Amino acid sequence: MDVSFVILTMNSADYIGKCLDSVFAQTGVTYEAIVVDNASKDNTLDMMKGYKCQVIASKENLGFGPGNNAGYAVSRGRYIYLLNSDDWLIGNNSLAELCRKMDENPKWGMLGTKV
C-alpha cells in the first residue's frame, strides 16, 4: 500500500463526497481512505455509506491531533496523507507525483501540497 489518506471530519456532509471522489480518482498508486468522524451531528456518516473507505465514528470530538492519530493507528500505507474533508485533489495522478518525489528523496520526512 502506497498511501493512507486520513481524512478528519465533523459536520461536513456538504463536502465529504467531493473529497472522497477526488481520492478515488487517483491512479498510479495503491491507497486506502480512512475517515475519522468527530461526532458529527449532521448526516456526514450517511453520506459516506456509498464509499469504500474505513470509517472511525467517534462518539466525541477528539480534536485535530488525536483525531488524525486515530486514523494513523489503523493505516497501512508507507506514506500518510492528511486531507481535510473540505479539500480535494486536482488531477488523477497528483498522488503518484507526490509518491515519486518522496521515493526520490528518502531523507525527506514530510512533503506538503499547495492549498
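User: In which helix is Met102 found?
Analyst: The model under discussion is a predicted one. Helix 4 covers residues 94–104. Met102 is found in that element, helix 4.

User: Is Met102 buried or exposed?
Analyst: Buried means a relative accessible area under 20%. The relative accessibility of Met102 is 11%. Met102 therefore counts as buried.

User: How far apart in space are Met102 and Tyr79, C-alpha to C-alpha?
Analyst: Tyr79 is among the residues that Met102 touches, with neighbours up to four places away in sequence not counted. In sequence, Met102 and Tyr79 are 23 residues apart. Their C-alpha to C-alpha separation in space is 8.8 Å.

User: Where is Asp2 found, and what is its relative accessibility?
Analyst: Strand 1 spans 3–9, and Asp2 is found in the segment before that strand. Asp2 counts as buried, because its relative accessibility is 17%.

User: With which side chain does the side chain of Asp2 make a polar contact?
Analyst: Not counting residues up to four places away in sequence, Asp2 touches Val29, Thr30, Gly77, Arg78, Tyr79 and Cys99. For Thr30, the backbone nitrogen lies 2.9 Å from a polar atom of the Asp2 side chain. The polar contact between side chains has a distance of 3.1 Å, and the partner of Asp2 is Arg78.

User: Which side chain is joined to that of Gln26 by a polar contact?
Analyst: Gln26 lies in the loop between helix 1 and strand 2, and counts as buried because its relative accessibility is 5%. Leaving aside neighbours within four places in sequence, the contacts of Gln26 are Tyr31, Leu89, Gly91, Asn92, Asn93, Ser94 and Leu95. The backbone oxygen of Gly91 lies 3.0 Å from a polar atom of the Gln26 side chain. The side-chain to side-chain polar contact, at 3.4 Å, is with Ser94.

User: Is Asn11 buried, partly exposed or exposed?
Analyst: Asn11 lies in the loop between strand 1 and helix 1, the latter spanning 16–24. Although not a glycine, Asn11 has a positive phi of about 50°. The relative accessible area of Asn11 is 35%, so the residue is partly exposed.

User: What is the phi of Ala39?
Analyst: Ala39 is placed in the loop between strand 2 (31–38) and helix 2 (44–47). With a relative accessibility of 12%, Ala39 counts as buried. Ala39 is not a glycine, yet its phi is positive, at about 60°.

User: Which strand gives the most to the lining of the largest pocket?
Analyst: The space in the largest pocket is about 810 Å³. Strand 4 (79–84) and helix 4 each supply at least two residues of its lining. With six residues, the element that gives the most is strand 4.

User: How many residues of the lining of the largest pocket are nonpolar?
Analyst: The lining of the largest pocket consists of 26 residues, and Tyr81, Leu82, Leu111, Gly112 and Thr113 lie nearest the centre of the pocket. Five residues of the lining are polar and four are charged. The number of nonpolar residues is 17.

Conventions. Residues numbered from 1 in each chain as written. Predicted model: local features only at pLDDT ≥ 70, side-chain atom pairs only at ≥ 80, totals over all residues. Heavy atoms only, no water. Helix = DSSP H or I, 4+ residues; strand = E, 2+ residues; numbered from the N terminus. Buried < 20%, exposed > 50% of the residue type's maximum accessible area, 1.4 Å probe, protein only. Polar contact = N/O pair within 3.5 Å; in protein donor to acceptor, adjacent residues only side chain to side chain. Contact = heavy atoms within 4.5 Å. 1 Å grid on protein atoms, 1.4 Å probe; cavity = no way out; pocket = protein on both sides within 12 Å on 5 of 7 lines; lining within 4 Å. Points joined across faces, edges and corners; volume = space filled by probe spheres on them. Nonpolar A, V, L, I, M, F, W, Y, C, P; charged D, E, K, R; others polar.
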